[in-house]
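Reader: Could you walk me through reading a helix and its surroundings? I would like the general idea and then the case at hand.

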Amino acid sequence: THLAKIAVALQGAPEKMLTFTQLMDQLAPLPSANRRSFENNIRVCLSTNKCFVKVPVVPESLDSRRNHWKLDSRQITPKMVRRHFKGLLQLFPELASKVETQTGSRGPEGPGSLKGPQAAAGGVQKRSEVKFSGPFSIESLLKRD
């Protein structure tokens, strides 16, 4: 994904920060049919994901158009790790704990898992049904004339 490509490029940078131009130079060898479209996709990815932080090249300038981009791994959620960083955890060891905590709660013994005879028979665990009994419930509407 673009998010993972950007993260890898930033991780490999000397100070773990790059300007947009430097980032595009790093990503240039990647195959892309339309360079302009690829650049726009990278811009959107940088600006919409909280894990990418702008650091002004000139810190004193309040309205600087030239910024470095930096990866803030604290803003990467377990869902992002599963979706974008699968197979890249050796490059991002700080993200491994987010995967472990998530899989611990959703593993084979997690909530909703089948145990005992149901699991062996491939049966479905039945949930207790909670019926809605408000004035707009199906039962209430069907009873009206």
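This is a predicted model: local features need pLDDT of at least 70, side-chain atom pairs count only at pLDDT 80 or more; totals for chains, interfaces and linings use all residues.

Reader: Which residues are exposed on the other side of α3?

Author: Residues are numbered from 1 along each chain as its sequence is written, and side-chain values use heavy atoms, with hydrogens and water left out. Helices are DSSP runs of H or I, at least four residues, and strands are runs of E, at least two, numbered from the N terminus. Buried means under 20% relative accessible area, exposed over 50%, and partly exposed in between (1.4 Å probe, protein chains only). Here, Arg36, Ser47 and Thr48 are the exposed ones.

Reader: And which residues of α3 are buried?

Author: Those are Phe38, Ile42, Cys45 and Leu46.

Reader: What covers the buried residues of α3?

Author: Contact means heavy atoms within 4.5 Å. The cover includes α1 (2-12), α2 (20-27), β2 (52-56) and β3 (67-71).

Reader: Which residues touch the most other members of the largest nonpolar core?

Author: A nonpolar core is a set of buried Ala, Val, Leu, Ile, Met, Phe, Trp, Tyr and Cys residues joined through side-chain atoms within 4.5 Å. Of the 25 residues in this one, the answer is Ile6, Ile42 and Phe52. α1 gives the most to this core, with five residues.
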